[in-house]
Amino acid sequence: MTALLPLADSPLRTREERLALLDAARLYVCTTARTETCDLEDFLDSAYTGGVDIIQLRDKGLEARAEIEALEILAAVARRHGKLFCVNDRADVAALVGADVFHIGQGDLTCAQARRLLGDEVIIGRSTHSVEQAAEADADDALDYFCVGPVWETPTKPGRAAVGTATLRAVAASAPRKPWFAIGGIEDGPRLDEVTEAGASRIVVVRAVTEAPHPAAAAASLRSRVR
């Protein structure tokens, strides 16, 4: 099926182009719209310049119109850098802004429902919190990637129990056919060492880049250590 036309004027990438960028992706960042600091565009430029491959806007406090406005900024910056951008949860918003990537949780839309709304060109990913959920995601032909975590408890997802690096080891040992990312409390230093030693070669971070004094430098350091 054909997805809705985006609000942005720039042409959409093809599925093949998106999948090639996903295959090369190692560093994925989730950010709010940064309404407190009013520096969203500058932050996005810095993060992509530093080596971030995918940025997801995840801001539960935004009304739909404000989310769309923030995502249009993200879309423009992502295309300027030749990188991917992601919409979280809202398939209607993802369709309107021409999202490269749409991410869903365990309790959100099914992949089949998301495909009905977004078409076949969009990359779809899902959060998983156990070895069993990761295996289900890897077997789901409608999904393109999945995340495993949280590795450590994080204020981004209060109340979500940590899965630990043992879960990463088990997922890595299963030799998934799809790209997968470790997520949750990951930061540069010993924690990143633990994640890579467990077999994860792709990571999702939040505060490690969004709260860094110099986001480009923080991203560059992280990106240099995941290959």
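## Close-up views of salt bridges, pockets and cores

**View A. Asp-45 is partly exposed, with a relative accessible area of 21%.** Here, buried means under 20% relative accessible area, exposed means over 50%, and partly exposed lies in between, using a 1.4 Å probe and protein chains only. What you see is a predicted model, in which local features need pLDDT of at least 70 and side-chain atom pairs count only at pLDDT 80 or more, while totals for chains, interfaces and linings use all residues. Residues are numbered from 1 along each chain as its sequence is written, and side-chain values use heavy atoms, with hydrogens and water left out. Asp-45 forms a salt bridge with Arg-80, and their closest N and O atoms are 2.9 Å apart. Because Asp-45 belongs to helix α2 and Arg-80 to helix α3, this pair ties together parts that are 35 residues apart in sequence. A salt bridge here is a side-chain nitrogen of Lys or Arg within 4 Å of a carboxyl oxygen of Asp or Glu. Helices (H or I, at least four residues) and strands (E, at least two) are DSSP runs, numbered from the N terminus.

**View B. Glu-41 also meets Arg-80 in a salt bridge, at 3.5 Å from N to O.** This pair links distant parts of the chain, with Glu-41 in helix α2 and Arg-80 in helix α3 (residues 64–81), 39 residues apart. Glu-41 is partly exposed, at a relative accessible area of 39%. In total, the structure holds 13 salt bridges.

**View C. Arg-34 sits in the loop between β1 (27–31) and α2 (40–50).** Is Arg-34 buried or exposed? Its relative accessible area is 12%, so Arg-34 is buried. Its salt-bridge partner is Asp-39, with the closest N and O atoms 2.8 Å apart. Asp-39 itself is partly exposed, at 23% relative accessible area.

**View D. The largest pocket has a volume of about 470 Å³.** On a 1 Å grid over the protein atoms alone, a pocket is an open set of points where a 1.4 Å probe fits, with protein on both sides within 12 Å along at least five of seven lines; lining residues have an atom within 4 Å of a point. Grid points are joined across faces, edges and corners, and the volume is the space filled by probe spheres set on the points. Of the 30 lining residues, Arg-58, Thr-154, Thr-156, Lys-157 and Ile-183 lie nearest the centre. Two or more lining residues come from each of β4 (101–104), β8 (203–205) and α9 (207–210).

**View E. The second largest pocket has a volume of about 280 Å³.** It is lined by 14 residues, and those closest to its centre are Thr-31, Thr-32, Arg-58, Thr-156 and Val-206. The elements giving two or more residues to this lining are β1 and α9.

**View F. The largest nonpolar core has 57 residues.** Such a core is a set of buried Ala, Val, Leu, Ile, Met, Phe, Trp, Tyr and Cys residues joined through side-chain atoms within 4.5 Å. Which members touch the most other members? They are Phe-85, Val-87, Phe-102, Ile-186 and Ile-203. Helix α3 gives the largest share of this core, seven residues. Another core, of 14 residues, lies apart from it and includes Ala-25, Cys-30, Val-101 and Ile-183.
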